[in-house]
Amino acid sequence: MKIGLLALPAMLIGAIPALADPPSVPAIGAIQSDFDDFGPAVQSLTLPSGRVVHYTDTGEAGGRTVLFIGGTGTSARAAGMTDFLKTLRQQLKLRFITVERNGFGDTVFKPDWGFADYAGEVRAVLDHLAVKRFAGVAISGGGPYMAAVAGAMPERLISVHMLATAATSAGSARCKVSLEQATAGVRSSVQNPQSWWAFPANSPTFRIPGFSDRAYEEGARTFFIRGQMGDPTPEAAEMLRYCGPAPDVSKVTAPVHIYQGGADPLVKIDQAEYWRSHYPNVASFRVFPGEAHDVQYRHWDQVLIELAGFTDQSVICEAGKARAVAKAEAEGLVAKGATLGICAWSRR
């Protein structure tokens, strides 16, 4: 039964505080005229063959263009998972372009599609956008695709950044199964984006507000967005594609930067060593002791400044302030208590 104010005992009525005056509202001032964005929209490009390629472009003008290739099972909007440092990316004027892979997100699955096909689709998108030169950054399972692009367009590369990137491996047990068997093996994880993007409880990604939710949404987009209802076939085909052969990178003269977690259980250090032994011009090879398969996110601030060309500097946090200093100086400061990356990483 609903009890009205008059039904309350008089002694309780006297205990009810009077309503406070509403807080004063400051003058609004100028109101925005344009929409804020939700991140770059997925665009499409129809090739002469009739194949429809999907891509995103953050569109910043006047800076450096970066081809972003996400890990296995990611869509054209995967670069948005790095927007926890969007302010820094925009400050550095880095324009990110992502070209979606076969069967993921909005892109229809095509049997017998391979690394060379991806390099051709990337070339078509870059030509369409009038991009002549670019830096490339690849995460995890995006590694062989970056190698294919680099090998196909070495003259257009500014630099290559390989972050915990898988290499091809013909000797793996997964290479001895059929597409049907591989499909059955990945079905349950593909159809559960929370499982697909599950990081261990001690992952530094949990310090990023909303990161896990953004990752789950990325998985849902990759495997469900156009009604494919979690079809695991494209992911199974990608897993078998990693059996090789590996793209040839012998003609890549651009500097290559390799990041690897020393305790990565998914992409182990032998795969980083593979890339170091095959790229002709490895400018840096960093192994972070104790770090796992999230090293690419934990050190994304450092990756960004290197993508912008500041390869002689390191991002550190000292006395609650983040700054970039010469690498030799950073080593001394870290030894005295500074931490790598922006200060948010060191907050608990």
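Two strands pair if DSSP finds at least two bridges between them; helices (H or I, at least four residues) and strands (E, at least two) are DSSP runs numbered from the N terminus. The model is predicted, so local features need pLDDT of at least 70 and side-chain atom pairs count only at pLDDT 80 or more, while totals for chains, interfaces and linings use all residues. Residues are numbered from 1 along each chain as its sequence is written, and side-chain values use heavy atoms, without hydrogens and water.

An open sheet of 3 antiparallel strands has the order E10-E9-E11. Its edge strands, each pairing on one side only, are E10 and E11. Strands E9 and E10 run antiparallel and are joined by 6 bridges; Arg323 in E10 is the bridge partner of Ile316.

| Strand | Residues |
|---|---|
| E9 | 313–318 |
| E10 | 321–326 |
| E11 | 339–340 |

Helix H12 (residues 327–335) packs on this sheet, touching E9, E10 and E11 (contact: heavy atoms within 4.5 Å). The direction of H12 makes about 130° with that of E10 (axes are lines fitted to C-alpha atoms, for helices over the stretch in contact, and angles run from 0 to 180 degrees between N-to-C directions).

Ala324 lies in E10. With 43% relative accessibility, Ala324 counts as partly exposed (buried is under 20% relative accessible area, exposed over 50%, partly exposed in between, with a 1.4 Å probe and protein chains only). Not counting residues up to four places away in sequence, Ala324 touches Gln313, Ser314 and Val315. Ser314 is 10 residues from Ala324 in sequence, and their C-alpha atoms are 5.3 Å apart.
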